[in-house]
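Biologist: I am new to reading structures. Could you take me through one, feature by feature?

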Amino acid sequence: MESPDFQAFRGRGKPRFANRAELECAKLLDYYGVPWDYEPTTFVLESAEDGRVTEAFTPDFYLPEQDLYLEITVMKQTLVTRKNRKLRKLRERYPEVNAKLFYRRDVERLAERLRLDLAS
Amino acid sequence: MSAGETYLTASQLLARARELGAAITRDYDGRDLVLVVPLRGSFIFGVDLSRSLSLPHEIDFVELEPYHRGRRGVRLMKDLDGDIRGRDVLIAVDVVDTGLTMHYLCKTLRLREPASLRIATLLDRPYRRLVDDLPVGYIGFTVPDELFVGYGFALEEQHRNLPDLHIRAA
């Protein structure tokens, strides 16, 4: 997958996106000059008694100026239950963390709107 | 392609613009107001809002390069004609969605040191916001996640002239 030279990327190295929607989101943030990082933080959600991590969550994007984590999911709406559950757990365990889930429907709508030049 | 069902009529839109205008008139009484209208989608709302203000103000326009043109970064295709330093700036915009465009515009205008900077938006989709640090002071309608045409909103540059706001036909 292409990985352009980003201007607003605040991470190290080159981000390796998991899918097209993540890449498009990165391009969008970059276009509007919103600083972003890719998968900078892994949050532990569950750990065993011996300290071993049994469940973790690494949101796709972090926007430092907004102090906001974004998770992009390209799964169909009916299949996002697991991600919703992870996000809910993240909010329970880390109430100070500001995180949003962007669904496939949101990404598609956004792409459509941007083609139509209606996104403000 | 035709416009779909009517979501808000021209009279509802004008009535809301007048309500916002009355609130803005109260808030900006005695201040040096500049109404900034981003082209092109906001021009009808900008005009209705301007005519609803019972106080002297300047109206100016900006135009940002749309994302789909594929350049490396957003830029102003048309800049303000006037100076805003030390003045009270109110951006009259058609819709705030992700907040990315307004984020860029506010950042750009703040560099010019206005006395204050706020946003009056006709439509708002707060649940779609990617950037939340926007000075949104006035909201016309909070709307569902639909695409609209009419009242300045276009589909392939058509339908901006329709007096009512329509949900775009599928």
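Modeller: Glu46(A), Glu55(A), Arg85(A), Lys89(A) and Arg93(A) are joined in a network of salt bridges. Keep in mind that this is a predicted model.

Biologist: What lets side chains pair like that?

Modeller: Side chains of opposite charge can pair when their charged atoms come close. Over all chains, the structure holds 25 salt bridges.

Biologist: How far apart are the closest N and O atoms of Arg93(A) and Glu46(A)?

Modeller: They are 3.3 Å apart. This pair links distant parts of the chain. Arg93(A) is in helix α2 (residues 81–93) of chain A, and Glu46(A) is in strand β2 (residues 43–47). The two residues are 47 residues apart.

Biologist: Where does Arg93(A) fall, buried, partly exposed or exposed?

Modeller: Arg93(A) has 38% relative accessibility, so it counts as partly exposed. Glu46(A) has a relative accessible area of 27% and is also partly exposed.

Biologist: Which residue does Lys83(A) meet in a salt bridge?

Modeller: Lys83(A) meets Glu71(A), at 2.4 Å from N to O. Lys83(A) lies in helix α2 of chain A and Glu71(A) in strand β5, so the pair ties together parts 12 residues apart in sequence.

Biologist: Are those two buried or exposed?

Modeller: Buried means under 20% relative accessible area. Lys83(A) is at 17%, so it is buried. Glu71(A) is buried as well, at 4%.

Biologist: What about chain B? Which residue forms a salt bridge with Asp124(B)?

Modeller: Arg129(B) does, with the closest N and O atoms 2.9 Å apart. Asp124(B) and Arg129(B) are both buried.

Biologist: Now the contact between the chains. How many residues does each chain give?

Modeller: Chain A gives 29 residues and chain B gives 36 residues. Together they bury about 3,000 Å², with 53% of it on carbon and sulfur atoms.

Biologist: How many salt bridges are there between chain A and chain B?

Modeller: The count is 0. There are 5 residue pairs in polar contact between the two chains, both residues at pLDDT 80 or more. On the side of chain A that touches chain B, α1 (20–31), β5 (68–72), β6 (99–102) and α3 (104–115) each supply at least two residues. Helix α3(A) gives the most, with 7 residues. The residues on that side divide into 14 nonpolar, 4 polar and 11 charged.

Biologist: Which residues of α1(B) are buried?

Modeller: They are Leu13(B), Ala17(B), Leu20(B), Gly21(B), Ala23(B), Ile24(B) and Thr25(B).

Biologist: And the backbone? Is the peptide bond from Leu39(B) to Arg40(B) cis or trans?

Modeller: That bond is cis, with omega near 0°. Arg40(B) lies in the loop between β2 (33–39) and α2 (43–51) of chain B.

Note on methods: Residues are numbered from 1 along each chain as its sequence is written. Chains are lettered from A and ligands numbered from 1 in the order in which they are written. This is a predicted model: local features need pLDDT of at least 70, side-chain atom pairs count only at pLDDT 80 or more; totals for chains, interfaces and linings use all residues. Side-chain values use heavy atoms; hydrogens and water are left out. Contact means heavy atoms within 4.5 Å. Buried area is the accessible area (1.4 Å probe) that two parts lose on being put together, summed over both. A salt bridge is a side-chain nitrogen of Lys or Arg within 4 Å of a carboxyl oxygen of Asp or Glu. A polar contact is a pair of N or O atoms within 3.5 Å; within protein, one must be able to donate a hydrogen and the other to accept it, and residues adjacent in sequence count only if both atoms are side-chain atoms. Helices (H or I, at least four residues) and strands (E, at least two) are DSSP runs, numbered from the N terminus. Ala, Val, Leu, Ile, Met, Phe, Trp, Tyr, Cys and Pro count as nonpolar, Asp, Glu, Lys and Arg as charged, and the others, Gly among them, as polar. Buried means under 20% relative accessible area, exposed over 50%, partly exposed in between (1.4 Å probe, protein chains only).
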